[in-house]
Amino acid sequence: MTAKVEKVLLIGYGNPGRLDDGLGPALAEVIEAENIPGVTVDANYQLSVEDAAAVAEHDVVIFADASVNATEPFSFTQIHPKSNTLSFSSHSVEPEAVIALAQELFKADTVGYALGIRGYEFNEFGQKISTQAKENLEKAIEFIVPALRKKIFQ
Amino acid sequence: MSDAKLKRVIIEPVTRVEGHGKVSLLLDEQNQVKQARLHIVEFRGFERFVQGRPFWEVPVLVQRLCGICPVSHHLAAAKAMDRIVGGENLTPTAEKMRRLMHYGQTFQSHVLHFFHLVSPDLLFGFDADPAIRNVIGVAQKFPELAVQGVMMRKYGQEIIKATAGKKIHGTGAIPGGINKNLSIAERDELLKDIDQMVEWARSALKIAKDYTTENLEKIAPFGSFDSNHLSIVRKDGCLDLYDGNLRAIDAEGNKIIDQVDPQDYMEHIAEEVKPWSYMKFPFIKSVGPENGWCRVGPLARINTCDFIDTPEAEKERQEFMALTKGKPNNITMAYHWTRMIETLHSIEKIKELLHDKDLQGTDLVVKGERREETVAIIEAPRGTLYHHYKVDKNDQVTMANLIVSTTSNNEPMNRAVQKVAQDHLSGVEITEGLLNHIEVAIRAYDPCLSCATHAMGKMPLIISLFDHKGNLVDQRAK
């Protein structure tokens, strides 16, 4: 992207009660503590339609999530609006659909990125991120904090 | 960043989204649908997860059960732990703050379900192309309506934020009370948009009502069947989503149980285990497992209550009940209409509460005689939610049993699927039309399979058709 980036929204999402699924909120907590000018941080269990309203108020949105198949230690990729990611009975939506809604409903041209932090253990209850996933989280933080400070993402 | 890191990958969603919606249809020798089952793979780890934890942590921990309705679990657990500390007679400020949180949760949940999942079916028709029959399709064709849905949902979330705190670490309700009141600034901010929200709730209700009445001939038999209905009601029979005693009625409106104290629920409700499902099937003991199952959720609540204590919702309830001449309404698709009556009720209640000075009170917590066992029942957006705990003298949880609303609606959803399949299956092929119709029937119940199943993965709907010998003859997924 070439336009000047002033306002960035980072949404870390996932369930901290499901082991490595808490990677997104854990990253959000660290970024919030960094208190970077121009960066707003939010955390939730999942994405939902109302996130489109917040996304529309920012130049860039970063969706930070645990991933079951991302390249280790993390992946960072631009995402594009997409409407057919909806499942038949879920109250949650995918990042691509949030971007699509921001575009359709609020005429926003927010640029979206997905930060997928590789996790390994999801299928139990527990508020503990695995050792390997913690290392991946640290590397994702090392990457994203300077990018957020510079507001440059590619 | 380097090109290597810009590699495109698909980030698969993980635990916050529900498990597979898997339906199997079994045919008889004449290729008629003999049996339909909605399979849910349950992962019951949660009860173990809370065992050994201090009881005061439970209202926060239970939110980890489900990213979709954490507030309902938070409030149910807090209500349960009120009894552990002998603080069930809350101060007016504490009870009203909790109610505000609960109505905010119900409002945003119902709105999201209606605008996001249901409105595409109603606005485009069941058989419309799935490529447009979704919320983005609504955004493109009915942008004002789609914006309303988003802003109403956002308003409900703002109420939750003002009452419960952070989205992930909601701590508003604590054993015996709450940890904050509503500031004047928070109240005034919420009051700014309240009239707009009431107006939008009225118009959403009108869409659901008009759709139902204008398409009654098609809708009335769709996935419909007679059933019992169960919810909590207030002592005077009024609809109460936050607190009350159990009432169950049969399909004719006769009371099966009434004013059962939640502490005594096990005397009246049991859970049946079936060999083909990990999920339990709750039923009323006096009726038995075969016929004692009940619908729960908005349709059941409007059927079981005697009246609603907010004027506009009560007027709408009367109109709704007039459709079936005062008898219980057993039309599956009527869930949508009743969900919107509750949406209007919730926003009426929110408005009433925002004008109540008790919300700015400072008496937040009460405590009394300590107990070691407790049950709390709350009406979550999707239906009756039970939390049952035992706590030892060291304050540690030794037993937890939760019955979530989707578990109660398990049998009704199976019946709805069977009815739809019997009416719409042609030959031994699962057509796109049949897939759509089954999807619409399940969706009416707004199932939350993530807390019912505690499972991982995305939520495709997979339908399998088996002949009378058990051979798989067709399968289709969405």
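This is a predicted model: local features need pLDDT of at least 70, side-chain atom pairs count only at pLDDT 80 or more; totals for chains, interfaces and linings use all residues.
Guide: Local features need pLDDT of at least 70 and side-chain atom pairs count only at 80 or more, while totals for chains, interfaces and linings use all residues. Residues are numbered from 1 along each chain as its sequence is written, and chains are lettered from A, with ligands numbered from 1, in the order in which they are written.

Visitor: How do you describe the angle between the axes of H1(A) and H4(A)?

Guide: Helix H1 (residues 23–34) and helix H4 (residues 131–150) of chain A cross at roughly 40 degrees, their axes coming within 10 Å. Axes are lines fitted to C-alpha atoms, for helices over the stretch in contact, and angles run from 0 to 180 degrees between N-to-C directions. The pair H1(A) and H4(A) is therefore oblique, because under 35 degrees is roughly parallel, over 145 roughly antiparallel, 65 to 115 roughly perpendicular, and the rest oblique. Among the residues making the contact are Leu27(A) and Ile31(A) from H1(A), with Leu137(A) and Ile141(A) from H4(A); contact asks for C-beta atoms, placed from the backbone, within 7 Å. By class, this contact has 11 nonpolar, no polar and 1 charged residues. Nonpolar covers Ala, Val, Leu, Ile, Met, Phe, Trp, Tyr, Cys and Pro, charged covers Asp, Glu, Lys and Arg, and polar takes the others, Gly among them.

Visitor: What makes Ser130(A) partly exposed?

Guide: Ser130(A) has 16 other C-beta atoms within 10 Å. Buried calls for 20 or more such atoms and exposed for 12 or fewer, with partly exposed in between; C-beta atoms are placed from the backbone. So Ser130(A), with 16, is partly exposed. Ser130(A) sits in the loop between strand E5 (111–118) and H4 of chain A, and touches Leu19(A), Asp20(A), Tyr120(A) and Glu121(A), leaving aside residues up to four places away in sequence.

Visitor: How are H8(B) and H13(B) oriented towards each other?

Guide: Helix H8 (residues 194–214) of chain B packs with H13(B) at about 165 degrees, the axes being 8 Å apart. That makes H8(B) and H13(B) roughly antiparallel. The crossing of H8(B) and H13(B) is left-handed. Ala201(B) and Leu205(B) of H8(B) are among the residues that meet H13(B), where Trp337(B) and Leu344(B) are included. The contact of H8(B) with H13(B) has 15 nonpolar, 3 polar and 3 charged residues.

Visitor: Why do E11 and E13 of chain B count as edges?

Guide: The open sheet in chain B has 3 strands in the order E11-E12-E13, with antiparallel pairing. E11 (373–380) and E13 (397–403) of chain B each have a single partner strand, so one side of each has no neighbour in the sheet. The twist averages 15 degrees from one strand to the next.

Visitor: How do you know that E11(B) and E12(B) pair?

Guide: DSSP must find at least two bridges between two strands, and E11(B) has 8 with strand E12 (residues 383–391) of chain B. Thr374(B) has Tyr389(B) as its bridge partner. E11(B) and E12(B) form a hairpin with 2 residues between them.

Visitor: How enclosed is E11(B) by the rest of the structure?

Guide: Largely, because 6 of the 8 residues of E11(B) are buried.

Technical notes: Helices (H or I, at least four residues) and strands (E, at least two) are DSSP runs, numbered from the N terminus. Two residues are in contact if their C-beta atoms, placed from the backbone, lie within 7 Å. A crossing is left-handed if the near helix is turned anticlockwise from the far one by less than a right angle, and right-handed if clockwise.
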